[in-house]
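Student: I have a structure open and would like to learn how to read its features. Where do we start?

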Amino acid sequence: MSDQVALTLYIANKNYSSWSMRPWMALKTKDIPFTEHLSPFDESTGHAHFIEFSPTKKVPALKIERAGKDPVTICESLAIIEAVADLFPQAALWPSDPIERAKARAFATEMHGGFFGLRGSCPMNMRRPVKALDLDPYSAAAVVKNVERIEDIWSECLNASGGPFLFGAFGAVDAMFAPVINRFEIYALSDSTVFHAYKSAMKALPSWQAWEAAALEESWIVEEDEA
């Protein structure tokens, strides 16, 4: 089926858009062909222009075009990755073992729907110099709790798989955690062995380096993400 599919991924600013980064990393790292359409955030209008390509007026959105069928648009990072995994099974975005696959999906879902302390206080920002935040005690405690849980997940997975990624080879769950690497680094949230090992593997990927290089070239500023 994959040779009859055309994909267009709609994303926003590479400097800030962690949700855009996730499916982009999955597609790019696995060499799945797609067309990239970048549309910058526009806080003044509530990103009203996103409605042109996204029924939820959010990014990312993936348009899937198949021979003989009407185009379909899928929103939400994890749903996009799941769709791509089904369309391109040869990419092996999920582990082949059913139990390992279930664990990977559970961790990916936990990332998708949790860690609000970290996400709220420490937005992704590829340009930001490394500097710790001066957070109020409540926010700081929430971030610490999230960091501890994430590092527990990473340790469990890397110890079991042997690395360099969470289930051995790069997969969907790594794409889901990719923006966390930036958050841990730029806000100086961890100096642990597991973080440094996982960061080294992630940042060595050509896909990561391409995303970061493009992000550093952007001139747009989103004030609410300049923590």
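Student: By class, how many nonpolar, polar and charged residues are in the lining of the largest pocket?

Tutor: Note that this is a predicted model. Rolling a probe the size of a water molecule over the atoms shows where empty space is left. Here the lining of the largest pocket has nine nonpolar, seven polar and eight charged residues. The volume of this pocket is about 590 Å³.

Student: Which lining residues lie nearest the centre of the largest pocket?

Tutor: They are S17, S18, W19, F41 and V59, out of 24 residues that line the pocket.

Student: What is the order of the strands in the open sheet?

Tutor: The open sheet has four strands in the order 2-1-3-4, and their pairing is mixed. Strand 2 (35-38) and strand 4 are the edge strands, each pairing on one side only. From one strand to the next, the twist averages 20°.

Student: In what sense do strand 3 and strand 4 pair?

Tutor: Strand 3 (residues 61-66) and strand 4 (residues 72-75) are antiparallel, with four bridges. A61 has C75 as its bridge partner, and L62 has I74. Five residues lie between the strands of this hairpin, where G68 takes a positive phi near 80°.

Student: At roughly what angle do the axes of helix 1 and helix 8 cross?

Tutor: The axes of helix 1 (residues 18-29) and helix 8 (residues 206-217) cross at roughly 135° and come within 9 Å. The two helices are therefore oblique to each other. The crossing of helix 1 past helix 8 is right-handed.

Definitions and conventions:
Residues are numbered from 1 along each chain as its sequence is written. This is a predicted model: local features need pLDDT of at least 70, side-chain atom pairs count only at pLDDT 80 or more; totals for chains, interfaces and linings use all residues. Side-chain values use heavy atoms; hydrogens and water are left out. On a 1 Å grid over the protein atoms alone, a cavity is a set of points where a 1.4 Å probe fits but cannot get out, and a pocket is an open set with protein on both sides within 12 Å along at least five of seven lines; lining residues have an atom within 4 Å of a point. Grid points are joined across faces, edges and corners, and a volume is the space filled by probe spheres set on the points. Ala, Val, Leu, Ile, Met, Phe, Trp, Tyr, Cys and Pro count as nonpolar, Asp, Glu, Lys and Arg as charged, and the others, Gly among them, as polar. Two strands pair if DSSP finds at least two bridges between them. Axes are lines fitted to C-alpha atoms, for helices over the stretch in contact, and angles run from 0 to 180 degrees between N-to-C directions. Angles under 35 degrees count as roughly parallel, over 145 as roughly antiparallel, 65 to 115 as roughly perpendicular and the rest as oblique. A crossing is left-handed if the near helix is turned anticlockwise from the far one by less than a right angle, and right-handed if clockwise.
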